[in-house]
Every structure is written in structure tokens, then in C-alpha cells.
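Below is a short walk through one protein model. Please have the sequence and the 3D view open while reading.

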Amino acid sequence: MFRSYITSSPHLARSLATHAPPPRAAATVTRHNWRRKEIQEIFDTPLLDLVFRAAGVHRQHHDPSKVQLCTLMNIKTGGCSEDCSYCSQSSRYATPTKASRLVELEPVIQAARKAKENGSTRFCMGAAWRDLSGRKRGFERILEMVREVRGMDMEVCTTLGMLSPEQARQLKEAGLTAYNHNLDTSREYYPQVITTRSYDDRLETINAVREAGISVCSGGILGLGETDADRVGLIWEISSMPEHPESFPVNALVPIPGTPLEGNEVVPYHTLVRTIATARIVLPTTIIRLAAGRNTLAESEQAMCFMAGANAVFTGEQMLTTPCSPWDEDKAMMGRWGLEGMQSFQQASVHRKDEPTRERLNTQEKTLESSA
């Protein structure tokens, strides 16, 4: 009798937050006019109800069994002139990170091949610079790195600091898929974290990237000392962009000795899940990337993040300066949970923006075949 009562009661069935509702005929409409108050109300929803709602939105816009596997390589470490208070690569702080020159091309090719062999479909390269001013030779080398990785039929992403519209155009021409430029936190709290570049500086780079036809990757860091209102402010700022970013990384601060934030407490797990779920509802077609700090989460905690709408991770040997979950562990975990890696260019917006690059590469290949 008890079993049949549970089955026949839609209210009790609805209360199980791990059971996502079936997809509805009409998917949630992507909005760019969210009010901050609306997002705050979503964020403040009881956690299991919030995850339940986010899981439903996720299934309307994404295959819930797919997770994008990304690998990140630091191609130029340390010596950065910025004062980002969370970053060990700033030259202003005495940290374990040592400055190094831009790496040569061959190590990047080898690392990208290894990443692809292990199932990663996006290869990201980061350089600790404020911008590319006065780095003509270095930029030319990076453009060649982009060409080589894109030639492996992988998505390729870079994070190189601030960009001019012309630099963004050249990166697009080389075959760049996406550019990462995080807003980090809300506009109001941002000056407490960084003073050497403004919030609008970051937005200008994002605009240059978008105008060049490159997918935007922009998110934030939790645990900087911000409040829930700042986390909501970050999501609101992202949602107000004329085009939602292709991906929204959610980083949990890894406090590094020597940085001003070395003593910060680890962000509570429920805050991480709440932020992911809110971002999924507000940014329904965006990939939500579970980024820095994931290696500290138990497998069951990661599963809840996937349920809440996360569908991308960094995997491999290391991130920029913090630990990363290894490929073998991630693949085993995904197998236990019925998840599998996303293919390159599977996301509709990324596929559309990459079309000119594919056409150019196909033309080049046909030209080489005809001249052989």
C-alpha cells in the first residue's frame, strides 16, 4: 500500500530533487533582461528545490550524459604585473611560483596530443601577462600554437590578458575557438580584489573577442571574501551581455601562500552548488565549467554539481598553478555515473562560430591534395 501511495502522488514524486522533470515541449527562453532581484530570489531558493529546477533547465538545453573535458597548459608562468590578490603569478607577491619565459612550440604540441589521447576535446593555454603590448614575437608564436592545436581537430582556447580588437581578429584567423577572460566577481566587489585593471577593461576585451567571432569563456571565483549578493551580481553581469558566454567557469579559490588571500576560508560546498544551479537557470545554453578547486570535492559532491547543471571540467596533470584531477580518475568517475565526454564543437554556438575556420581548413586541405 505504501509503495502504491508513493507512485500515485505527484507531489511526493516531485519532492525528490535527484529526479529531474521530463523535458517540456518549449525550452526555457534565453533572457538578457534579468533583474538582479530575480536572480537573488533564484539563488535564495531552498537548495534541493534549486537543484531540481536547474536540472530540468539543463535537460532542456543539454544532453545530461555529456561533460566537456578540457585540459589547461600554462605556457608562460609568473612575472605578471597585475595585482590580482588571489594569483600566485603576480610579481607583486612572494609566492612559490617562479617566473618563466614563453614555452616553445613543440612542448605545446606534445601536451595537446597527450590531452587528446586521454579524451580531452578542448586544449586551453594561459600566459601570465597583463596584455600583449610589446610582445610581437611571443604573440606570433602563440598564433602558431593555436594553428597547430586547431589542426588536431580540437577546440583551442587561450587566456592572455587584455586584447585589442586587432589581436582578437588575428587569433580568430589562426583558428582560436574560445577566449577566457573572467570577470571574477561583482562590479561592486571587484576593486577589493584587483586595482590594476578595471571591470570595464575586462568587458572591453570580452567585447573585442565577441566581435571577432570567437566564443567567450567568462566566469568567476568563489571565496574571495565576497557575499552572496556579489555572486548574484556576477551572474547578473554575465546575463546582461548581448550574447551569453559560451562557457561560465565556476572556480573555488585555492588559497596560495604569499598572496593576500592566503588566509581565506574555503568556500562552503553548498555555496558552490547554489552558484552553479543559479547560473544554469539564468544562462540556460551556456556550458557551466566546474574549474579550480574541483580536486578537493568528494565524488558524490561532484555528482551533485553535475546534477545542478555543471557540464564541463578541467582534467589532466595540472591547471595553471593549482592541482587538477587526473584523466584516469575522471574517466573512471564518469563511467560510474553514466557520463561521457563531449565531442569537439558539439555545442551549437561553438559549432556555428567555428564554421569559417572549418571551411578554410577544408580549402587548404583540398589545395594540398590537388598539388600533391
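The model is predicted. A pair of aromatic rings is described by the distance of the centres and the angle of the planes. How many aromatic pairs does a search of the whole structure find? The search finds one. Its members are tyrosine 190 and tyrosine 199, with 5.2 Å from centre to centre and 75° between the planes. The pair counts as edge-to-face because the angle between the planes is over 60 degrees. Are tyrosine 190 and tyrosine 199 buried or exposed? Both tyrosines are buried.

At phenylalanine 43, the residue over the face of the ring is arginine 274, 5.9 Å from the ring centre. At phenylalanine 314, the charged end of arginine 289 sits over the ring, at 5.8 Å from its centre. Both arginines count as sitting over a ring because the cut-off for the distance to the ring centre is 6 Å.

The last stop is the largest pocket, which holds about 390 Å³ of space. Its lining is made up of 22 residues, and those closest to the pocket centre are His62, Thr285, Gln347, Ala348 and Ser349. Which elements give two or more residues to this lining? They are β5, residues 215–217, and α13, residues 348–353. The largest share comes from α13, with four residues. Sorted by class, the lining has 10 polar residues, seven charged residues and five nonpolar residues.

Definitions and conventions
Residues are numbered from 1 along each chain as its sequence is written. This is a predicted model: local features need pLDDT of at least 70, side-chain atom pairs count only at pLDDT 80 or more; totals for chains, interfaces and linings use all residues. Side-chain values use heavy atoms; hydrogens and water are left out. Rings of Phe, Tyr and Trp (its six-membered ring) pair if their centres lie within 6.5 Å; planes under 30 degrees apart count as stacked, over 60 as edge-to-face and the rest as tilted. Buried means under 20% relative accessible area, exposed over 50%, partly exposed in between (1.4 Å probe, protein chains only). A charge sits over a ring if NZ of Lys or CZ of Arg is within 6 Å of the ring centre and within 35 degrees of the ring normal. On a 1 Å grid over the protein atoms alone, a cavity is a set of points where a 1.4 Å probe fits but cannot get out, and a pocket is an open set with protein on both sides within 12 Å along at least five of seven lines; lining residues have an atom within 4 Å of a point. Grid points are joined across faces, edges and corners, and a volume is the space filled by probe spheres set on the points. Ala, Val, Leu, Ile, Met, Phe, Trp, Tyr, Cys and Pro count as nonpolar, Asp, Glu, Lys and Arg as charged, and the others, Gly among them, as polar.
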